[in-house]
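Welcome to the tour! Open your viewer, get ready to select residues, and follow along stop by stop.

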Amino acid sequence: MAKKFICSQCGQTFEAASMPDKCPICGADTSHLSEVKSKGINTNGNVYTICYAAVMVVLVAFLLAFVSSALKPAQDANVAIDKKKQILASLNVRGIAKSDVEAKFDELIQETCVVTPDGQVTEGGAFEVETKEIGEKFPVYKAKTAAGDEALVLPLKGRGLWGGLWGYVAVTPDFQKVLGAYFDHESETAGLGALIKEEKFQSQFIGHPVMGADGKVALTVVKKGASEAETQIDGVTGATLTSKGVGEMVLSGIQQYVDAFGAAANPADACSQSETKCCDKPECVCATKRGCACQDGSCGDAACNCASDAQCCAKEECSCACVKNADLDKEQ
Amino acid sequence: MALLSKANKEALISPLNLNNPVVVQVLGICSALAVTAQLEPAIVMGLSVTIITAFSNLIISLIRNSIPNRIRIIVQLVVVAALVTIVSQVLKAFAYDVSVQLSVYVGLIITNCILMGRLEAFAMMNKPWPSFLDGIGNGIGYAIILVIVGFFRELLGAGTLLGFQVVPQWCYDHGYVNNGMMTMPAMSLILVGCVIWAHRAYNKDLQ
């Protein structure tokens, strides 16, 4: 009976009565030849094929699940450290070792708070807000820059050419001047749009004013060399759409923070004090900017038509957020 | 059988030059264009592909006699995809910065034709050890081309190598300008073409 042999040099199989001296196809010597034993199972049968696929898929699924859960803690730690590193970069602390990030972060970040678009302030918890949630809530970090200046770090998100952008901009507590910036991207073109991640691009922002002449945020990015005002930063050559994306993100992003804080309120105070405290001060204008004068007990919101704060704030349409808070505090 | 017999050496060495996966077999061009704008991602990509070709060749070769012929491509894909997922998870856990830099391209190793090509052409018919060597050889052959292209693109496109400035400021002061074209994917196609040209000009028998 003919036996089947395989040659490891040419990879061909052939049949012969016994082991030949050399491969009849490529002429390799016997060390390359081996006999192919006939199998008990038909590997081309339907049942075998289906069972094989099923077992393989289950095995691979278990393997991947195991790897994923085993590496998850290390990955999460990396992500958290990377986020802290990015925030530190916006405070002009760059290139520090991975092991020093935690300590430096705790040293520079003093307080955090989360502001909702209508001006409600919750203390703490800014770090847990994910990038995609920015817009529904605004995390703020009260920090010191590398040079020791007071700063507010504002996380931003936007869209570039191919995918999402995000960044951290450190401004002075009165939102007047940029102290530092960091931007990153999901998938901008390497060597072009990806340059927004480089310090060379980001450090251009330092020292520039945020607000334009009309008191609104004017900081943005324009085509390289076309900058006409102090608030316009040079973009990246060859990456017009990415640069535009950064400009749009900075412009509308910071404006959202300004709106949420209330331009007239002192944002630094807003971060560290609740609205109740804010409205105890006669000179304070509340975050919602409706001019409610909390101290004299009459609601200043003309639209409400009510005699007292308590009445006013019971209505849905009334926007005296600060008085609402004050009342709630009293009830408690 | 000696660990590095003539045939085994051949499996390891020939992909580096006369049977190079990129310039001779013309496989894996797509990722060669995508990650070579800078040298570092090119090196990491080359290493990852080497590891994955080596181990997928090994695994497929180990189970080659049990694979049903009709679903062999699917089995190969599952093995490659599992390995790529593991490598990308490991990178995320232990080399986070690099994994961020490579972003989607690690996942796209699955679609790298070198892998499927070698599995189908070599690992399905050879024993584990030669298959493993063939995987290493092809991975390194691929990595060499990536490094060459990455070297020129980063040097001419940004004036740096591995992030360090190598073109002195003096040159810029005298009117030297970085070639922005080099950072575009199209230029790497041209560079790969030049490498193939030089390679064929040197190896007459390939012409």
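Begin with strand β6 (residues 138-144) of chain A and strand β7 (residues 150-159) of chain A: four bridges join them, and they run antiparallel. Helices (H or I, at least four residues) and strands (E, at least two) are DSSP runs, numbered from the N terminus. Residues are numbered from 1 along each chain as written, and chains are lettered from A in the order written. This is a predicted model, where local features need pLDDT of at least 70 and side-chain atom pairs count only at pLDDT 80 or more, while totals for chains, interfaces and linings use all residues.

Now pick A:Y141, and you will find A:V153 of β7(A) opposite.

Next, show the whole open sheet of chain A: six strands in the order β5-β4-β6-β7-β8-β9, with antiparallel pairing (strands pair if DSSP finds at least two bridges between them). At the edges stand β5 (121-123) and β9 (178-185) of chain A, each with a single partner strand, so one side of each has no neighbour in the sheet.

Then select helix α4 (residues 240-261) of chain A. Buried residues of α4(A) include A:M249, A:L251 and A:F261 (buried: 20 or more other C-beta atoms, placed from the backbone, within 10 Å of the residue's own).

Finally, show both chains: 29 residues of chain B are in contact with 27 residues of chain A (C-beta atoms, placed from the backbone, within 7 Å). On chain B's side, α4(B) gives the most, with nine residues.

Terms used
Contact = placed C-beta atoms within 7 Å. Buried ≥ 20, exposed ≤ 12 C-beta atoms within 10 Å, placed from the backbone.
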